[in-house]
Amino acid sequence: MKKYAITAQKERSKKNLVIIGAQWGDEGKAKMVDVLTEQVDIVARYQGGSNAGHTVVTGGKKFVFHQIPSGILHKGKKCVIGNGVVLDPVALLEEIDSLVKAGVKVRDRLIISDRAHLLMPYHKLLDGASEARKGAGKIGTTNRGIGPAYMDKMSRAGLRVGDLFEPQFFRQKVGEIVKEKNFWLKNFYGLPSINAEKVSSEYLRMATRLKPLVMDTTQYLQSRLYAGENILAEGAQGTLLDVDFGTYPYVTSSSASVGGVCTGLGIGPQWLDDIFGVAKAYTTRVGEGPFPSEMEPAFGEKIRRRGGEYGATTGRPRRCGWLDLVALRYACRINGFTGILLTKMDVLSYLTTIKLCVGYEAKGKKVNEFPASLNQLSRCRPIYKEMKGWAGDLSKARALKDLPLEARKYLDEIEKAIQTPISWVSVGQDRSQIFQKK
């Protein structure tokens, strides 16, 4: 594996950027990464796995990324899959092949951490079996094995990418782990056992293709930072799905908020400059869990169709709600956002009235902060401020002045409530349908 020397630090002239979901995921992070990649040298993914579905539309072509950073569409940019990611090599190689077929150069541009944990076939089986057993109490995972993979990582029973290049050790470890997994699959879930030798052989075959892409990414990133290059750190999911700060237990299994950047890439907090939160002009979530500002079913279906609110990974319909300013203000506080990148403003066009959730009410008392308790959040009812909607197609807007007065007032109201500036506004799916607010 190639090594990079860390030399004396050059004077910094370029900012390092962070992109984080400010809601329950699906906010449009990939588009913002795609747009901001022009300003950086490296795009690095710091957590999550193939459960992420990041969609970019450019030139009429639609690309869906699950593990590879969205910046791969920009020629000459390096893309890193950091140690905080749980890597599904089967899905990754399929994704690489799909991009190459579409004319995107991947080789010599994609770098994978040797410390990233491997997602194994038994993780997917256990994920699906656990969800099925919970029935009505299910969490609503994507069944991609992400939770079980992170469980093994934290219980010190996982396998890492670097282990693939020590075949004897890898086969031995897979054999030991599969004995335990088969016990649970057979005796607890009533499922067939899996063959350890078959799993080992499949993964070691993939190791040949993966090896040229793998290195110590912590050393690589540090060397590039010291050389004066800059990074865009790309997160998956969103703050409200963070394992510590989200609506636990209806969360993902990783740190989707700003803290995950440092642990997931191996860089210090002094390198982080602008931290951008991506939020929709309304709110969505997939799966189970409380959702105070959720719309009435019929109206929610209308917004779902307008916004194409179906999961990029699973195809599941997303639940739709009005913009929750309590939750968004909480995400701003947790992450220290320097700006908000607001997406899907165009979806709210032609509505007579638009609602903003400005607070909650529970047991006759006003609640102004996002509760940690799931039970408390479940009892919260939204307090709405109604605003006049706007007519007209926003898709051609390329400056703030192009927006109707009512739309500009909507942005002002959001900024006032969250005390964080809106930096960018997106008014359509395509790469070109976006502008800086100031």
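Helices here are DSSP runs of H or I with at least four residues, strands are runs of E with at least two, and both are numbered from the N terminus. This is a predicted model, in which local features need pLDDT of at least 70 and side-chain atom pairs count only at pLDDT 80 or more, while totals for chains, interfaces and linings use all residues. Residues are numbered from 1 along each chain as its sequence is written, and side-chain values use heavy atoms, with hydrogens and water left out.

Is arginine 107 buried or exposed? Its relative accessible area is 54%, so arginine 107 is exposed; the term means over 50%, whereas buried means under 20% and partly exposed lies in between, using a 1.4 Å probe and protein chains only. From C-alpha to C-alpha, arginine 107 is 34 Å from valine 251, and 144 residues separate the two in sequence. Another exposed residue is proline 297, with a relative accessibility of 66%. Proline 297 belongs to helix H9 (residues 297-307), and its C-alpha atom is separated by 31 Å from that of arginine 431, 134 residues apart along the chain.

Now to the helices. Two packed helices are described by the angle between their axes and the distance between the axes. Axes are lines fitted to C-alpha atoms, for helices over the stretch in contact, and the angles run from 0 to 180 degrees between N-to-C directions. Helix H3 (residues 121-134) packs against helix H5 (residues 167-187) at about 20 degrees, their axes 11 Å apart. That angle makes H3 roughly parallel to H5, a label for angles under 35 degrees, with over 145 counting as roughly antiparallel, 65 to 115 as roughly perpendicular and the rest as oblique. On the H3 side the contact is made by Tyr122, Leu125 and Leu126, and on the H5 side by Ile177, Val178, Lys181 and Leu185; contact means heavy atoms within 4.5 Å. The crossing of H3 and H5 is left-handed, meaning that the near helix is turned anticlockwise from the far one by less than a right angle, while clockwise would be right-handed.

H5 also packs with helix H6 (residues 196-210), at an angle of about 140 degrees and with the axes 9 Å apart. Here the crossing is right-handed. Among the H5 residues that meet H6 are Phe170, Val174 and Val178, and the H6 residues they face include Val199, Tyr203 and Leu204.

What about aromatic rings? A pair of aromatic rings is described by the distance of the centres and the angle of the planes. Nine aromatic pairs turn up in a search of the whole structure. One of them joins phenylalanine 183 and tryptophan 184, edge-to-face, at 5.8 Å centre to centre and 85 degrees between the planes. Rings of Phe, Tyr and Trp (its six-membered ring) pair if their centres lie within 6.5 Å, and planes under 30 degrees apart count as stacked, over 60 as edge-to-face and the rest as tilted. Phenylalanine 183 is partly exposed at 48% relative accessibility, and tryptophan 184 is partly exposed at 39%. Tyrosine 226 and tryptophan 271 also pair edge-to-face, because their ring centres are 5.5 Å apart and their planes are at 65 degrees. Tyrosine 226 lies in helix H7 (residues 217-226) and tryptophan 271 in the loop between helix H8 (259-265) and strand S11 (274-280), so the pair ties together parts that are 45 residues apart in sequence. Tryptophan 271 is buried at 3%.

In soluble globular proteins, nonpolar side chains tend to be buried together. A nonpolar core is a set of buried Ala, Val, Leu, Ile, Met, Phe, Trp, Tyr and Cys residues joined through side-chain atoms within 4.5 Å. The largest one here has 57 residues, and Leu328, Ile340, Leu342, Met345, Tyr410 and Ile414 touch the most other members. Its largest share, five residues, comes from helix H12 (residues 405-418). A second, separate core has 55 residues, including Val40 and Leu204.

Lastly, the backbone. Most residues other than glycine have a negative phi, and most peptide bonds are trans. Lysine 344, although not a glycine, has a positive phi of about 60 degrees. A cis peptide bond joins tyrosine 248 and proline 249, with omega about 10 degrees.
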